[in-house]
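Work through the exercises below with the sequence and the model open. Each task is followed by a solution in steps.

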Amino acid sequence: SGRKIIIDEDIGEKMMSSVVSVSLEYTPFTDIIEILIGSEGLETVVSDDIVFVTVPTKLDLISSYDYYQEKAVQVYQMAMIKYPQYKNIANAYYELGEFYLASGLPAIALQEFRVIVEKYQDYPKENVSMYNIGKCYEMLGDTENAIQSYLQYTKKYPRDDHVVDAFLKAADLWRKQKDYQKAIEILKFIITEYPDKDTARLAELRLGYTYFEMEDYISALDTFSGMKERNQFNEFQNEIEYQIGLCYYLMGKYSEAIGVFNKFVMYKQENDLLDDAYYKLADCFFMMKEYLAAFKLYKGALSEFNESSLSPYGFLYSGKSLRMLNMFGTAKKILREGLSSYPDSVYAGSMNFEIGLCYYEDENFKRAFEVFEEIARDERNRDLTGQANLYAGICLSGEKQYRRALEFYRKALDENGTVGENDRVFGLVGDCYTELGELAKAVMAYQKEVP
């Protein structure tokens, strides 16, 4: 065209050093300039004699970064419309797909990648496009299509760089669907077929998690223990050791769990699982009914990890431990401290319930009743309503207020508790009618019938 191209001094040489082949016979000059220079995030000012290339900030644009993105999208879209037959037009679809995917717009990105897979199968990045289709479906929450897309990609490109990642993603999605057997099958395949890949180590860790979610703690323990013994998982060492202790705990092998968690707490440097391990160590002693040791550990955890999300749990079980030791006054003090510090915690209702139990076990039935009645009325404590009504009735029975106690027992039955819980309530109802001398009704209650 005879025009001179002048480059702004603020533009680095590397940005303008690409060699691009363009057909001048069918492509207008201004389009060439906009595509080649605009796609680099630069701006052009075109006149009859010169083309001045600069950065958008020199043209008083508010946000050069936003401009770069918008300009690139416009350039690619213009190329797709004007030159649909251009041999490299698939690159426009690919770059737009990548842009939309990175921008959190998977539905739009999916359209771009599907065009490549359906129309441009010879495009060098068709493989990545297929993989990205799976990512788009996954981001959209379409699990079935995501799995199928990943598996189609692995079938068509079995030696591609992302194949093992696609298998792992498919396994994760099956695990999410609770289709554990399929997840286990593909995870074992990754471990066997790609033993030298870093992803194989991730797959083995996921295998342990899968067994754990299935509540197959023996298989989970075997998996995590095997990983620890091979000493090839340094970056996952803390997680593996924690999971080993947790498996022992959930299997009821508290002595073994104590051994693992105690070493974890004593010798591990600061990590995200340290507070969990500390509390689980305390839980082990609590489950073994060694309440004094448990209390000391809960108290230590509250002090050591005072900003932990588990602190409300620590207050609850500190109070529980002291109640089991019949130290009712100190238990109530700690529980009230927990309630004061964490009034909106999911454990708040349970802390209040423990206070009620402290009063009840200390035979202060009147004060205990007041606490249980308050819990039963609070809509936030729906999971505790049945138990609160039950204990409110027991407290009234303790004060020989049998008629009133029956009202709370009926409320407890209305909560549809477990068979064991309802059996207990029916027994208490029968006891009340017996005390009232209404033996026929007492017999009905003992036979699990509502009088």
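**Overview**

The protein chain has 22 helices and three strands, where helices (H or I, at least four residues) and strands (E, at least two) are DSSP runs numbered from the N terminus. This is a predicted model, in which local features need pLDDT of at least 70 and side-chain atom pairs count only at pLDDT 80 or more, while totals for chains, interfaces and linings use all residues. Residues are numbered from 1 along each chain as its sequence is written, and side-chain values use heavy atoms, with hydrogens and water left out.

**Exercise 1. State what share of the protein chain counts as buried, and describe the largest nonpolar core.**

Step 1. Buried means under 20% relative accessible area, exposed over 50%, and partly exposed in between (1.4 Å probe, protein chains only). Of the 451 residues in the protein chain, 48% count as buried.

Step 2. A nonpolar core is a set of buried Ala, Val, Leu, Ile, Met, Phe, Trp, Tyr and Cys residues joined through side-chain atoms within 4.5 Å. The largest one holds 128 residues, and F113, F224, I240, F261, Y298, F372 and Y409 touch the most other members.

Step 3. Take I240 from that list. Contact means heavy atoms within 4.5 Å. Not counting residues up to four places away in sequence, I240 touches L205, F224, M227, K228 and F233.

**Exercise 2. Determine how helices α17 and α18 are arranged, and list the residues in their contact.**

Step 1. Axes are lines fitted to C-alpha atoms, for helices over the stretch in contact, and angles run from 0 to 180 degrees between N-to-C directions. The axes of α17 (residues 348-361) and α18 (residues 365-377) come within 7 Å and cross at roughly 160 degrees.

Step 2. Angles under 35 degrees count as roughly parallel, over 145 as roughly antiparallel, 65 to 115 as roughly perpendicular and the rest as oblique. The two helices α17 and α18 are therefore roughly antiparallel to each other.

Step 3. From α17, the contact takes G349, N352, F353, G356, L357, Y359 and Y360; from α18, it takes F365, R367, A368, V371, F372, E374 and I375.

Step 4. Ala, Val, Leu, Ile, Met, Phe, Trp, Tyr, Cys and Pro count as nonpolar, Asp, Glu, Lys and Arg as charged, and the others, Gly among them, as polar. Sorted this way, the contact of α17 with α18 has nine nonpolar, three polar and two charged residues.

Step 5. E363 is found in the loop between α17 and α18. Its phi is positive, about 65 degrees, although E363 is not a glycine. With a relative accessible area of 60%, E363 is exposed.

**Exercise 3. Repeat the analysis for helices α3 and α5.**

Step 1. The axes of α3 (residues 90-102) and α5 (residues 126-139) cross at roughly 30 degrees and come within 11 Å.

Step 2. Therefore α3 and α5 are roughly parallel to each other.

Step 3. Y94, E98 and L101 of α3 meet V128, S129, N132, K135, C136 and M139 of α5. By class, this contact has five nonpolar, two polar and two charged residues.

**Exercise 4. Is N389 buried or exposed, and which residues is N389 in contact with?**

Step 1. N389 is found in helix α19 (residues 385-398).

Step 2. N389 has a relative accessible area of 4% and is buried.

Step 3. Leaving aside neighbours within four places in sequence, N389 is in contact with A376, F408, K411 and A412.
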